Each structure stands twice: as structure tokens, then as C-alpha cells.
Amino acid sequence: MISFILNGAKQNVDVEPEMPLLWVLREELGLRGTKFGCGMSLCGACTVHVDGEATRSCVLPVSAVTNKRVETIESLGTPESPHPIQQAWIDHQVPQCGYCQSGMQMTAASLLKKKPRPSDADIDEAVTNVCRCGCYARIREAIHAAAAKTPAPDIEEAPAAEEGEGR
Amino acid sequence: MKIKRRTLMIAGGVLGGGLVVGAAGVGGYVSTFSRRDIQRGGWSDGEGRLLAAWIVLHADGRVRVLSPHTEMGQGAQTGLLQIVLEELDADPSKTTVELAPTTPQFANSDNFAGLVMGDSDLTGWSKDFMEKTFGRGAQFMGLQITGGSTSIRFTGWKGMRRAAAAARQMLAEAGAEKLGVPVADVTTADGEVIHASSGKRVGYGELAEAAAARSLPESPAFKDAASWKYIGKPFPRVDIPDKVFAKAVYGIDVEVPEMRYAAVAPPPVALATVTGVENEAELTPRRGVEAVIVMRDAVAVVANNPWRAEQAARAAKVTYEPPEGGAVDSAQLLEKQRATIEAGELESVHSVGDAAGALASGEVIEAEYLAPFLAHAPMEPLNATVWTDGAQVHVASGVQAPLNARAAVAKFMDRDLEDVVFHTHTMGGGFGRRGGTSDANNNWLRQAVDIHEAVGGAVKLTWSREADVQLCSFRPADVARMRAVLGPDGKPTAWHAQTYAKIGSVHEATPRYTIPNVAIDTAAAEPALPFAYWRSVDASTHGFFIESFIDELARAAQQDPIDYRLSLLPEGRHARVIRRVAEMSGWGKPGPEGTAKGVAMFECFGSIVAQVAEVSHEDDIPRVHRVWCVADCGVAINPNAVEAQMQGGIVYGLSAALYGAITAKEGRIEQSNFHDYRVIRFSDGPRIDVDILTSLDAPVGGAGEPGTPPIAPAVGNAMAALGGRPRALPFA
């Protein structure tokens, strides 16, 4: 039996310890917002937060999250109370097919926690997810927009100037 | 088969007093229904009897737009909604769009066979497609197709727009009668018929029954473009909120009670025939594994969890017989392609003037271009869920052509079409892979059905990314030998293209430029690997050949590539997009140090797109910094969605231009996942600026495909300006 905290609630699963977290979430626990894209940690469609860190779940053995906090897209926000990333995604009409977007949003939300005013270079470095529809330009705009609407912490004034022109 | 094109508009009543308006065969891939179906009683949606249609007005004022086109991210459903809101003067708060059910009433073949084949708007490849589709016989006809950039330009602009305008006129007539005023004195707005001078008004819902009894206007009046409220204006996509809040249900998310999961192990050699599995005894005792199934093109494992199934499939030792025609090998294929062209074993598909004579009269400029096989690699690996309920078989999957898919399943299972219920899901990318154009193209559906038949009960087949790449139906590899002769003014007097792969659309293999002698020859070869249309179809290869070679000719003539192109075009839409992209990109002005610009312009699917790419070399690898894009789609119904399609088309085309190649070595497909079938990410994606031009008098063009073809030649032409022209894709 493996235990972890899933979206705030304790969860026990009886599976092989090496089963990737992705398949535990999707098939054992029925949370299908997290997507399968490559199975090799290459595309990021499966991104969740583990103890607050954006983590690719398709190669992460479920045993590795024992007693850790796991958050999935299902906990990010709701239509009634959207996360700033989700509101920006709608305002900027980001998704096309939408399949990569839960992973993109989880990656972006984690980036904003660490860097409330990310530069373009920060985005290039942190968001290495694949979008085959090519929504990159809008995702970039949306991340900047969400950042601008999030109250800046006291110490994070300076990097805002780096934003420059979105690509 | 030539049947005169005609338009049938049909209106009728819904039980409970609604109005329903549809159209039959007014263009390309439209949903249709026939009078016979109406007489037979139509189709019930549970709310009362509903005749198959596009627009349904309920007595309570709700308007439902039924789209025959599935959603793969292009936003076509929103565009269709905008068209109906505009021409119906519907109340936007009471109007919704939904996917039409996968039933023949939405794609009646009797009308379609004649109407489509006589439709001069269809390009060559779609005609070819239609012929193949109809060739299956009436039972298997299915025409809810999303592809070819057709949703808006055919279903929407030619079909739903007319249906909406007709419904508005019928409602206006019914409203005038009810208010006791002349019809000329009423207007319509936001779901009401209004008599302005008396202030009297009546809602559409109240008029639905009376309107349904009126005869359908032959040629309803369309709104004047100057008064458009919805068409041509940015409109929020209806599918986006569900995708943002992870509520969209893709095929891979389908859940059915008692469902098991399947994974497949393809043989290592493409097109090989699987004969068995060496180590079945090792696989079956694994936790959760229920069955190992040998199919012609793969071994399948069924388990109670997809990961368990996949792990067992990966451990399977598949035995196989090599393909009958020999294993495909990319290097050998290239030799064969070149030899075929060299030997002149070609057929002429287009000829103007005397290209051979003109070529013999001057110094020939010649270049050879290579385009590889490509996989579509949609983000959602292909999957399908199959189960039975009583006598009926249910299949759930994301497909571009639901009725084709349904017919394919019926054929695979040797069942009547009526026994198959197809549940169409939103697609995690399509790009042609899910087009259902052949049994080979439908291979994942066939596997899912085979597995279901072998084990019974509900089964979901999910392909690994590796299976998705290796069992793909590919964009064919092609070789082009291009030859030209320039006149004293530097303009080409002759243009001769000799290519290997079968050409579906000659229009897209023929330059738009004014050249007196043109010959297009092809070996018309069938692809060596399974084939599927790939975003922009023939334009993806021929756009590269034509727009690279015209650039070579400009340089040979020592002329600016933009000026050269303009000198070969009449005043018009093509010249306008080129001028605008030159202006946007600061063409002729130096860019950042180490960069150069390249331009390309291509017309396909009724739209004209020009792009300028700004490129540098970093460690011998091209780096694309910026792309400027100008599109003329006639009328862009939703400019925001068209911009997204241009951005997406560029990124998709750039992935292929820089990195995309599927190669076979002695039958083994050498690529398997995103590490060796590399695609663009943030770090190597360019900044993209898009401008959309309007041509009100032109037919509405497509958006999904036309953004893709120009990017490869634009980047190649920029690389040529930096020094060293690339003639083989991919460039990096």
C-alpha cells in the first residue's frame, strides 16, 4: 500500500511500486485531466506538482511520491474560481486541441510560484513542454498576463523590467 | 459521373412546434439529408422528433446549431456558430453549437454522390478522396469529414449561412403575419421580429411552428458585410473553457464499465506480417494480464491497467515474416525515385505552351529537392474504446470523419452499419492522421475491433507514442527535379517540374506565377509506406519545391526575391499579400547581425499566405528568430481563430522543416518518440506576427492548412541568403 496526499486528501493505492504516477492518477484514481503523451518524460503532457514542483508523472514511479503532496490539474481552479493561469488562458484564447494544456498550465503555475515575473528566457527554460498545435506564442502571452495580474511579492520588483516584448 | 450541381434547402417541423432548417449538398463536405429521410420520419434526439438538420429552433427560443465537423483545435464549430448568429439574427445567449450525431441523416449519400462529384470547388485531392469513398458502395458512405480546411468554407459559408438566412426570412414572414403588419416593415434582431414603428415585437420561439409551415425561400438575402456583428469579428471559442478546466473528454479519457486495456507491440519491420509471439508464457502470468493476441500487424496484450498492458507488450518477442514486396529502405527509395525521374518514366499532368522547346533554347537552371516521409504525431496518441450493448457495437474515438470511421468499423466487423454506434470525441490533434481515408489509415480502429472480438467485453486500445509513430500512415516522401530557362529580362520562359509521388491536386503543383511555358510531370507513384494526408496535403511538398525554385531563379536573375515574385504576378490578391508581408517584415532593411530574411508565398485551400522568416546560423543549425505572416482567406469568419491557425500552421511546418523526417532502414522505422522525431518547443520557436487581409468578393478560404506550406521555403530561402541553399528537408 502506497500513501500520498492527492489534491489535499490522503490517498492509498495498492499497485506495483514502479507503476508511473500518471497511470495511478488516470486509471486507479480516475483523474483523467493529466494526459499521456510520450511515456518518456519528453513532452510534459503529464505534468503534475509533487511537493509544489512541476514534475512529469509518466516516468515517475508512484513509490517516489510516498507521503508527498501531489496536485493535479483538477485542483488548479474551477470555472467559478479560476487560477490566474486559467483566466489568462481563456483571455488569450490559448488552447487549440487542448490536449497538452493541463501539463502546460501546471508547468506555468509552478513557474509563477517560483518567479512571479518570469522573463521570456525563464519561460523558455522552465516550460519545455510540447504543443503540436503550436500555441506557444499565446501561452507565452498568457503567462506574462497572469504574472502581471498576480500581486508581486516585495522582493520581486526588479525582474519585471526584463519581460520586454513577448515572443 | 457528372450530375448537375444543385442546391436543396429543406425546412420542416419538430415535434413540439420547432423549426428546423438544413441543406442538402450545397458544397463540399456538408451535412445533408434528403426529402426521403424526412418522409421516413427523421431522427429522434429524445426531445421529440428532430429532422436531421443544421439549425434547430425550439419553441422556447433556443437555437441549436448542429455541426457535422469534429473539433481538433481549429475552432470551426465557433466559426459555424458565428455564421448562424449573423444570418439568423439569433439571440447569442440562447444559441449553442454541438456536434451532430454520427448518423447518416447528417451526411446523406444519395444526394452527395451527385452533388459533390459535380462540385467544381473541390480540388483534385478531395475529388480523389470522394471517388475512393464512394467506391466503397452506398452502405459505407460517410461524409462527416473534418479536413481539407472545409468546415467553414463549404459547410459554413455555402451551407449554414444560406440555411440561417432562409430561416430568418421565414421567421420574419411568420412574425409579420402574427403582428398583422407587412413583412417589408419588420426587422429582426437578437431572436426577435420587430415592427419598429409600433414597437411591437415577437420572439423567434413563438414563431417557430408557423415559420416551419412556410415554404423555404429560394434565394434568401444575406446580410451586407458592412452590417456584420459576428462575421469577421474576434469571437471566443466555445470549446476553450472545457479545455482549460480539464473537462474536455478525449478518446483516451473514455470510461466504460468493466473496461480492460490493450497495448500493442508492432513488428520491428514496417509492413511485416506478424506470425506469433515467442514468449507468450512469460507474458500471461504478469499481474493484470488477461490475454495475448496475435494480429496481422501487431501483437496485443490485454490487461486491467494500460501500463501493465504496455509493459507486457514491450516484453513481447514478436515473430514476423518480412513484407512481400521487400522491406522499405529510405536510401534505396531515393535511388529509385531519382532513377525514375532520370529515365523520364513520367506522365504529364499539366502543360502550357512548349516547355520542352523553351528549355532546349537556353541555359537551363536545374535543382533537385527532397522531402521525406513525415508522421503527424498528434499530442494524443491514437486510441479507441470498443464495447457492446445488446446487438450493437459501440466505438469511441477521436476521428476527423465519424461516418467514415463508423463505416470502417462495420466493414472490419462484417456488421450492418446500423449495428455500429460511433461516439466521436474531441481530438488531441489530428493533422490528417485521423482522416479515415483508407483501411491503412484506420489501422488503430481495426486493431481495437480485432482485440474486442478476440476477448469480448469493453476494451480500450491506447497506442504508445512509439506505436503512434511507427504505425503511422505517413506523408509520402518525394523528389522534385525542377528546371527553368530565363529570358533576357530574367523572367522564366520555361518551368518544368518532374516529381515522383502521385499528385492529388495539380493546382498545388503548378506555380501561380505568369510563365509562358509550363510542364508538370510526375511518376504518380504510390507511396512505399502507408499513406495519410498530412496538414496541407500536396502543398506541404510542392510548396517547398515551387517556392524554393522561384527564389533560386530570382537569385540567378540577380533580382530581389520580393520584386521578382511581384514581376511575375498580375495585380491582385497574391501580389497584395506579398507587398504586405514585405512591409510588415521590413524587407530590404538590414535585420539583426548574422540574420537574413527569406520569403515564400503559397495558395492552397482557397487562401493565399505569404511568410517572411528571419534566420541565423547557430553552430551550423538554422535558428528561426521571427516569422511575419500575411493571410488572405477571403473573409476570416473569426480572425482570432485564423490567427491561431496561422501561428499553429507555422509551428507545425517549422517542426517539419527543421527536424521532421521518418526514415526506414531495411524496413525499420528509425524514429519512435519526440527525442528522435523532434518538434519545435518554446526555446526554438520563433516570434510570429500575423496580419489578416480581407477580400470580400473572394470565396471564403481555409485556415487550418494554408499556414503550413510557406514556412519551409521561407526558412530555406533565408538560409540561401545567408549562404548555402538547403534543398533537402529537414534543414537542421
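A nonpolar core is taken here as a set of buried Ala, Val, Leu, Ile, Met, Phe, Trp, Tyr and Cys residues joined through C-beta atoms within 7 Å. A residue counts as buried if 20 or more other C-beta atoms lie within 10 Å of its own, as exposed if 12 or fewer do, and as partly exposed in between, with C-beta atoms placed from the backbone. The model is predicted; local features need pLDDT of at least 70 and side-chain atom pairs count only at pLDDT 80 or more, whereas totals for chains, interfaces and linings use all residues. Residues are numbered from 1 along each chain as its sequence is written, and chains are lettered from A and ligands numbered from 1 in the order in which they are written.

The largest nonpolar core holds 264 residues, of which Ile55(B), Val84(B), Ala262(B), Val299(B), Val301(B) and Val715(B) touch the most other members. Helix H5 (residues 151-179) of chain B gives the most to this core, with 12 residues; helices (H or I, at least four residues) and strands (E, at least two) are DSSP runs, numbered from the N terminus. Contacts are pairs of residues whose C-beta atoms, placed from the backbone, lie within 7 Å. Beyond its neighbours within four places in sequence, Val715(B) contacts Gly598(B), Ala613(B), Val615(B), Pro622(B), Val624(B), Ala657(B) and Phe731(B).

Chain B contains 20 helices and 30 strands, and 59% of its 732 residues are buried. Of the contacts in chain B with a separation of 6 or more, 77% join residues 24 or more positions apart. Helix H9 (residues 306-315) of chain B is mostly covered, with eight of its 10 residues buried. The cover of these buried residues includes helix H1 (21-28) of chain A, as well as strand S11 (260-265), helix H8 (280-283), strand S13 (289-294), strand S14 (299-303) and strand S21 (459-462) of chain B.

The contact between the chains takes 45 residues from chain B and 43 residues from chain A. On the side of chain B that touches chain A, helix H7 (240-244), H9, helix H19 (639-658) and strand S30 (687-693) each supply at least two residues, and H19(B) gives the most, with seven residues.

The predictor assigns the complex an ipTM of 0.92 and a pTM of 0.90. Chain B averages a pLDDT (the predictor's confidence in each residue, from 0 to 100) of 86, and 85% of the residues score at least 70. pLDDT stays under 50 over residues 23-52 of chain B and over residues 104-146 of chain B. Where pLDDT is low, the predicted coordinates should not be read in detail.

Notes:
Two residues are in contact if their C-beta atoms, placed from the backbone, lie within 7 Å.
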